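Reader: I am new to this structure and would like a friendly tour. Could you take me through it step by step?

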Amino acid sequence: MSAYKLSPVMTLTPLLACVLSFLLVLPHSYSYTTLLRPTKLSASRLEPSEWRTLETKLSLIRSASLCAMTDWCLVYCLTPSGQSTLMSIIAVPFNEDPQGHPWLKCFTKRSPFNILTAQSGITVHDASPVPQNFSSRVPKNLLDGINDKRMDNCYFSRYLYQPFIVFDLVDIREVKGILLMAQNNKNFNIYFHDLDIRVGTSLASGNFENYTQLSYYPGPPPYEGYELIVQPAAPIAARYLSIQMTPNETKTHLQICHLEIYV
């Protein structure tokens, strides 16, 4: 899949005059960069699901303003019919939805950091296996940079001692932080705790004591869909990221529903 590249001159110039004039009436907390972080979502994401949507005939810029002022709106897209659709889907910027064509031209509120996704080449090196009755909750779900709040977007391990998942970042990267999201339902506090989060430069699987610890999160999360953000004091050079549940002498499931790796 080719990288998604935005040409500021070709893509933004037609909008620039509208943006500059419209920003004069926006609250000061909103900015040009907040409103225009491009991404591409598959049109299949418009099918009914767990997220909130709102269709509007407003212009692109006015839709951007409405999304910016609406707490639940995380993305707004231009539909084939020419309307704008506001959605509560999480989508990282400068990314292409692996669900594929036809893509919608969208804009996201998500962080402007450089975020690694499958499009960047990262892979799952190893992970605790998935239960047979949850076969859709596979590790690669965490690589697409998108969460549409369905449980099938999550990774869910078997009931094991110290389940884990390890990501290969392809090359040595300066890791500035990561974000992990708990599940978005009433069971949010069950499978998201005792998380040992580490990075390293050599390959490991199951035992990550030689990795540098970014954080240990005892949990439980305070609410459903909780986003755990881990940022070291300074970037750490690493190629591998491990996440492991380490409760004492207890079997458990590990469940993560969204991942962002900042470099």
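Reader: Happy to start with the cysteines. If the bonded ones are numbered in sequence order, what is the pairing?

Author: Welcome! Keep in mind that this is a predicted model. The structure holds three disulfides, and a disulfide is a covalent bond between the sulfur atoms of two cysteines. With the bonded cysteines numbered in sequence order, the pairing reads 1-2, 3-4, 5-6.

Reader: Is the disulfide of Cys-67 and Cys-73 left-handed or right-handed?

Author: Let's begin with the bond itself: the sulfur atoms of Cys-67 and Cys-73 lie 2.1 Å apart. Both Cys-67 and Cys-73 are buried. The torsion about their S-S bond is about -95°, so this disulfide is left-handed.

Reader: Which strands hold Cys-77 and Cys-106?

Author: Cys-77 and Cys-106 are joined by a disulfide, S to S 2.0 Å, and both residues are buried. Their link has 105° about the S-S bond and is right-handed. This pair links distant parts of the chain, 29 residues apart, with Cys-77 in strand S3 (residues 75–78) and Cys-106 in strand S6 (residues 103–108).

Reader: How many residues apart in sequence are the parts tied together by Cys-154 and Cys-257?

Author: The sulfur atoms of Cys-154 and Cys-257 are 1.9 Å apart in their disulfide, and both cysteines are buried. The torsion about the S-S bond is about 95°, so the link of Cys-154 and Cys-257 is right-handed. Cys-154 lies in the loop between strand S9 (146–147) and strand S10 (155–156), and Cys-257 in the loop between strand S19 (255–256) and strand S20 (258–262), so the parts this pair ties together are apart in sequence by 103 residues.

Reader: Now the aromatic rings. Why does the pair of Tyr-223 and Tyr-226 count as edge-to-face?

Author: The structure holds eight aromatic pairs. For Tyr-223 and Tyr-226, the ring centres are 5.4 Å apart. Planes over 60 degrees apart count as edge-to-face. The planes of Tyr-223 and Tyr-226 stand at 85°, so the pair is edge-to-face.

Reader: Over which ring does the charged end of Arg-137 sit?

Author: Here a charge meets a ring. The charged end of Arg-137 is 5.5 Å from the ring centre, and the ring is that of Phe-156.

Reader: Is Gly-177 buried or exposed?

Author: Gly-177 is found in strand S13 (residues 177–181). Leaving aside neighbours within four places in sequence, its contacts include Val-230, Pro-232, Glu-260 and Tyr-262. Gln-231 is 54 residues from Gly-177 in sequence, yet their C-alpha atoms are 4.2 Å apart. The relative accessibility of Gly-177 is 0%, so this residue counts as buried.

Reader: Which are the edge strands of the open sheet of five strands?

Author: Strands of a sheet pair through backbone hydrogen bonds, either parallel or antiparallel. This open sheet has the order S8-S12-S17-S14-S15, with antiparallel pairing. Each edge strand pairs on one side only, and the edge strands are S8 (123–127) and S15 (212–217).

Reader: What is the bridge partner of Phe-164 in S17?

Author: Strand S12 (residues 164–175) and strand S17 (residues 236–245) run antiparallel and are joined by eight bridges. Within S17, the bridge partner of Phe-164 is Gln-244.

Note on methods. Residues numbered from 1 in each chain as written. Predicted model: local features only at pLDDT ≥ 70, side-chain atom pairs only at ≥ 80, totals over all residues. Heavy atoms only, no water. Phe/Tyr/Trp six-rings, centres within 6.5 Å; stacked < 30°, edge-to-face > 60°. Lys NZ or Arg CZ within 6 Å of the ring centre and 35° of its normal. Disulfide = S-S within 2.5 Å. Buried < 20%, exposed > 50% of the residue type's maximum accessible area, 1.4 Å probe, protein only. Helix = DSSP H or I, 4+ residues; strand = E, 2+ residues; numbered from the N terminus. Contact = heavy atoms within 4.5 Å. Pairing = 2+ DSSP bridges.
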